[in-house]
Amino acid sequence: MANIRDIAKITGYSVSTISRVINNHPYVDETKRAKVLEVMKELNYVPNRSAQNLSYGKTKNIGVVLPFINHAYYDQMLSGIMQAAFQHRYRVSLLPTNYDQELEKSYLDEFATKTYDGLIVTTKSNPIEVFADYHQYGPIVFCENIPDAPVSCVYFNLEHSLREAFQYLKDNGVKQLGMTLGRSKHISHNSKVTLQIAEEIFPGFDKENIFWDCCVHGQDGQKAVEFFKKREVDGILTNGDEIAAVIVAHSHDKTPLVIGRENLLISRLIGFPSIDHHLAEIGQRAFEAFFYHKQEKLCIPHDFIQR
């Protein structure tokens, strides 16, 4: 089996030159690069990437902590992460938690053993203090705003986007507000912010008009339709375009004003308003923050699409 010294002997170039070609070093004469690649092909030489990674102290693997897979919100964020990772020849390991704090901690322990070069945390289950001891093992980037800790995060301004959406509903004559939210047992920070802003813009908002534990899938949308019919709401802020689409499609008698999120194709086809948080860009920027070791808090502007 051919090795790097065989290639050096055949080409007449140094081992260091062969190594630079194999590792795609930019400062290599193109004539030499072409000759080395030609000989590699003739010898059917395949670089041992595992050995290379060990020598550099890198796994070329990044872990992405997320609550679910096959979920429109996280799918968009993942698309941005994976596009950036592909450009830098990184593998992406998905680490779903289902909001289980112990499982999330086990992923952090894997990180400590150098299983991953870094972590991108799309949504955390544990308090930020739990992550503090793990930054010594590599970059950890969060895809949510964490203002009170010296951590790197790429995020959208949820408060601004919600305020704009609720004000739009009010300006369009909504009196009985409804909304869909996620976890009811352990209410997330995002849900708490949503409730706070709803009560500011709609004084006297009835919390009984919240459809909880909505996982933004079609089956939840059908349940939401029946729920909101009984509540007689005339405006709904949903936590996803798929839910919004089902509500709009099945509200035949009196369709409430419905707002979705993330500007999916279905919102454009049916024609209802949606908040675009540019999640793919957030994922891409999060990977770049990891790769270039950026210590920053970067807010990606949202767009509210009125239709």
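Which side chains meet in a salt bridge at 2.8 Å, N to O? They are those of R163 and E200. A salt bridge is here a side-chain nitrogen of Lys or Arg within 4 Å of a carboxyl oxygen of Asp or Glu, and by this rule the count comes to 7. This is a predicted model, in which local features need pLDDT of at least 70 and side-chain atom pairs count only at pLDDT 80 or more, whereas totals for chains, interfaces and linings use all residues. Residues are numbered from 1 along each chain as its sequence is written, and side-chain values use heavy atoms, with hydrogens and water left out.

**Packing of helix 8 and helix 9**

- Two packed helices are described by the angle between their axes and the distance between the axes.
- Helix 8 (residues 158-171) packs against helix 9 (residues 189-201) at an angle of about 35 degrees, and their axes are 10 Å apart.
- Axes are lines fitted to C-alpha atoms, for helices over the stretch in contact, and angles run from 0 to 180 degrees between N-to-C directions.
- Helices (H or I, at least four residues) and strands (E, at least two) are DSSP runs, numbered from the N terminus.
- The crossing of helix 8 with helix 9 is right-handed; a crossing has this hand if the near helix is turned clockwise from the far one by less than a right angle, and is left-handed if anticlockwise.
- From helix 8, residues L158, E159, L162, R163, F166, Q167 and K170 meet N190, V193, T194, I197, A198, E200 and I201 of helix 9.
- Sorted by class, this contact of helix 8 with helix 9 has 7 nonpolar, 3 polar and 4 charged residues. Ala, Val, Leu, Ile, Met, Phe, Trp, Tyr, Cys and Pro count as nonpolar, Asp, Glu, Lys and Arg as charged, and the others, Gly among them, as polar.

**Salt bridges**

- In the R163 and E200 salt bridge (2.8 Å, N to O), R163 lies in helix 8 and E200 in helix 9, so the pair ties together parts that are 37 residues apart in sequence.
- R163 is partly exposed at 29% relative accessibility, and E200 is likewise partly exposed, with a relative accessible area of 41%. Buried means under 20% relative accessible area, exposed over 50%, and partly exposed in between (1.4 Å probe, protein chains only).
- E159 joins R163 and E200 in a network of salt bridges.
- R33 and E30 also form a salt bridge through their side chains (3.4 Å, N to O). The two are 3 residues apart in helix 3 (residues 30-43), and are therefore separated by about one helical turn.
- Within this pair, R33 is buried at 14% relative accessibility, whereas E30 is exposed at 52% relative accessible area.
- A salt bridge links the side chains of K207 and E199 (3.6 Å, N to O); K207 is partly exposed at 47%, as is E199 at 34%.

- E288, in helix 13 (residues 279-291), is buried yet has no salt bridge, and the nearest side chain of opposite charge, R285, is 4.2 Å away. Lys and Arg count as positive and Asp and Glu as negative, while His and the chain ends are not counted.
- Apart from neighbours within four places in sequence, E288 is in contact (heavy atoms within 4.5 Å) with H293 and K294.
- E262, in the loop between strand 9 (257-261) and helix 12 (265-270), is buried and has no salt bridge, with R261 as the nearest side chain of opposite charge, 5.9 Å away.
- Leaving aside neighbours within four places in sequence, the contacts of E262 include Y73, Q76, D241 and H277.

- I120 is in strand 3 (residues 118-121) and is buried at 0% relative accessibility.
- Not counting residues up to four places away in sequence, I120 touches I62, G63, V64, V65, I81, V141, C143, A286 and F287.
- The C-alpha atoms of I120 and C143 are separated by 7.3 Å, although the residues are 23 apart along the chain.
- K124, in the loop between strand 3 and helix 7 (128-131), is partly exposed at 24%. Its contacts beyond four places in sequence are E104, F131, F142, E144 and I146.

- Y99 has a positive phi of about 60 degrees although it is not a glycine. Y99 is in the loop between strand 2 (91-96) and helix 6 (101-112) and is partly exposed at 23%.
- N263, also not a glycine, has a positive phi of about 50 degrees. N263 lies in the loop between strand 9 and helix 12 and is buried at 15%.
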